[in-house]
Each structure stands twice: as C-alpha cells, then as structure tokens.
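Reader: Please show me the structure, and then I will ask about its parts.

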Amino acid sequence: MENFNFYSPTEFVFGKDRENECGKYVKKFGGSKVLIHYGGSSAIKSGLIDRVKKSLDSEKIPYVELGGVKPNPRDVLVYEGIDLCKKENVDFILAVGGGSVIDSAKAIAVGVPYDGDFWDFYTYKAKIEKAIPVGTVLTIAAAGSEGSGDSVITKEDGMWKRGAGSEHMRPKFSVMNPMLTCTLPSYQTACGATDIMAHVFERYFTNTNEVEITDRLCEAVLITMVKETPRVIEDPNNYDARANIMWAGTVAHNGIVGVGRAQDWNSHGIEHELSGLYDCAHGAGLAVVMPSWMEFVMEHDVMRFAQMAERVFGVPMNFADPSDTARKGIKEFRKFLKSIGMPINFEELGAKKEDIPVLVEKFGLGENGKTGGFVSLSSKDVEKILNIAAEATI
Ligand code: NZQ
Ligand code: ZN
C-alpha cells in the first residue's frame, strides 16, 4: 500500500425528509445569502425546490435562484451564476439536483472569488486557491459529486468537456434522501448505477500490490450495485434498495475506496469525449467504453480481472486458464449493463464510428503522449478501444 492522506470533510445528512433541514446546515456553515442552483424541471415538479425554500425561510436566510442546468453542464450558465452571485453578494451556493447541478455550482463557487476566467481552472492554466462554500441536496445517485472535490463542465463553444479538482470544491454538507431518487426514469437510474460501478473500477484496476482492504471495499460496492440496481429498476419505490445505491454512489467516489493505490481513469477520459461530442448521458457512455477498455488492457494483469470476475460476478475460477475467467467476467459486466437497459456499443449510444478520429484528437494525447495509471495508453490505443466499443456485442 502507498502512503496517503485522506481528508473528506463533507457532512452527509442522510435519510427520509432530511431536505427540510437544509436551512439549518446552510446556517451551520456560515451562509447568510444563498444561491439555489437547480436543473431543468424535476426538482420543481417534485416540490423539492419549495421545500428547500421553506427550510431557508424558517432560518430567515435570504436567497436568489438560478435554474436551467443541463446534463453535461455548460460554461454559459456558470458565467451567469458568477455574475448573479457577485451582484447579489451570495456567500453560499445550494445545489439541488444531480452531478450536473452540483458541478455547475462548484464552478460558480470557484469563479466568484477569482479575477480571471473560471475556465482557466478546467484547462490547468490556474490553480484553485479559494471558493465560496457549496452544499447539496442530491436527487440522483451517480456522479458522486456530493462527496467529491471534482467538477466537470462543458464549454459550449466546441463542446469541450473538461474537469477540475480541488479540496476547495468539496461540499460542506450533502443532504441525501433516497426517496428523492424514486422519481428517476429507469434509464437515468441505470446510467447512475453504471457511473458508480465505473468509479470503483477506475480504482480497482491498479498496479499497487497488497491493497486487500481497498480491494474488498471496492468489491463490496460493486456487489451491492449488482444486487440492488435490478431491484430499483423492477420497483422504483424500493426505499432500502435506493438507500443502498445512494450511499454506494458516495462511497464509490469520495476517495475512501481508492486510498493508498494507483488509479487509472482512462475510461472516464475517453467517455468524456463521447458525452462532450454527442451530449449523451455520462453513465451510458461509460457502459460502452468501460468493458471495451477492460478487454483491451486485460492481459496487463489477468489475475486481477479474474479476481473481479470471481468475486463480483461469481464466475468460477479457471486455474488452468485465468484469461478465460477474466474474459467471462467482462462479458458478465456487459450482460449486466444490457440487462439494466444500458447501451453497449456505438449504435445503441447514438455514436458514429466515423467520428473516432475526432474523438481521439479531442482526447488530446497527440503523437507521443501517454496517459493512465493502470495501463498507459497512446492515441493509437485509444483508437483501438473506441473501435472495440463501436462494434461491441455480448
Ligand atoms: O434537469 P432535471 O430536470 O433535474 O433532470 C435531470 C437530468 O435530466 C434528471 N434528474 C435528476 N434527478 C432526478 C431527475 N429526474 C427525475 N427525478 C430525479 N430525482 O436526471 C438527468 C441527469 O442528471 P445529471 O445531474 O446530469 O446526472 P448525473 O448525476 O449522472 O451527473 C452527470 C454529470 O456529472 C459528471 C458527468 O460527466 C456529467 O456531466 N461527473 C461528475 C463527477 C464529479 N463531479 O465528481 C464525476 C463523474 O465521473 C462525472 O464525470
Ligand atoms: Zn463518472
């Protein structure tokens, strides 16, 4: 195991009706003027925004509102949010929604105290030094942004999807009421489940030896997702299954299952080019990319893939031919994704094979660049993975 620091100071406020306490938590973390930031329509339709406002009213905390965050959140609304916060002297942002809303809120939060263009943080031109505090009321188990220090924004001009990370962006608190996720369409539920599993796999496939504790924590999250996702697809109002998935989503991405080990993250990088170009759901893009990446890199550490196959998907270990076990595990993963309604190839995702050169170019490795913590990939490798993804079948 490698040395590590783990500091994940978000306060999680978990359970039924807890959104009615969000005013109390804004006060606890020093908010005196709030921006309520939300998405398209779901949080208004469900009455959640009204309940949030009531909770702020009961603590006599004034607020302004900015809705309209799109999935794959755009820079355009971030600029609007920064201007609004400056004009209204906002000192706390309350994100009510999913990863897109939370990421947009984080971008506004770092943009407000910064003199330059907030996009500098997403192109590594500037380092995040401060942010106004963010709290969240989560409505979808997926991105893990409620407990992460990351934010992913798409620049509309050119559809460049890029991420930034900083401890300053980690939410002060996150309200997590699993009941709020019962209104999700099953496709969104499944996209979220795929993303949660992908966050674990990015950490699970590692070159670090002797990481039994985090291997087992990763497997616990994955096994939970394999068990609980079909239950909520079958019965969207199953509270306990929703609750397990919601907490799994946070555990998968707040850092705890990845400490002390090298991580990969190439599947996410490749997927961000797909959702950047096609504006598809991040989880759906991962369903197409991640098993294809697995097939491509499997031989790098066949025993690790065989271990995953056996422990997560119950594939019997073929000691004479561990590659066979590994391959069957990847197949089981694809079958699982298909069974919950995810696309598994380009056609099902709405992507085009002829766009592969564009996707590779946008990925940005150039002729000699390489990236990835498990297997270091070149542009040619990324192209090969996208070709596997384009034609994938079960
Ligand atoms: O806009 P509304 O009407 O709210 O609809 C949303 C949206 O259409 C809907 N939705 C959310 N909660 C709902 C609901 N519909 C009914 N009932 C509810 N309770 O779901 C749709 C998707 O929402 P979105 O916020 O986009 O989903 P998700 O949480 O999957 O976030 C995806 C974004 O997060 C980024 C992704 O790249 C993508 O841009 N990621 C962020 C990460 C981070 N900050 O740490 C890490 C991830 O790997 C990921 O890259
Ligand atoms: Zn993700």
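Author: Leu217 lies in helix H7; helices (H or I, at least four residues) and strands (E, at least two) are DSSP runs numbered from the N terminus. This is a predicted model, in which local features need pLDDT of at least 70, side-chain atom pairs count only at pLDDT 80 or more, and totals for chains, interfaces and linings use all residues. Residues are numbered from 1 along each chain as its sequence is written, chains are lettered from A and ligands numbered from 1 in the order written, and side-chain values use heavy atoms, without hydrogens and water.

Reader: Is Leu217 exposed or partly exposed?

Author: Buried means under 20% relative accessible area, exposed over 50%, and partly exposed in between (1.4 Å probe, protein chains only). Leu217 has 35% relative accessibility, so it counts as partly exposed.

Reader: Which helices do the buried residues of H12 pack against?

Author: H12 runs over residues 322-339, and its buried residues include Ile330, Phe333 and Leu337. With contact meaning heavy atoms within 4.5 Å, the buried residues of H12 pack against H6, H7, H10, H11 and H15.

Reader: What is the phi of Asp17?

Author: Most residues other than glycine have a negative phi. Asp17 sits in the loop between strand E1 and helix H1. Asp17 is not a glycine, yet its phi is positive, at about 65°.

Note on methods
Expected span 1.5 Å × (residues − 1).
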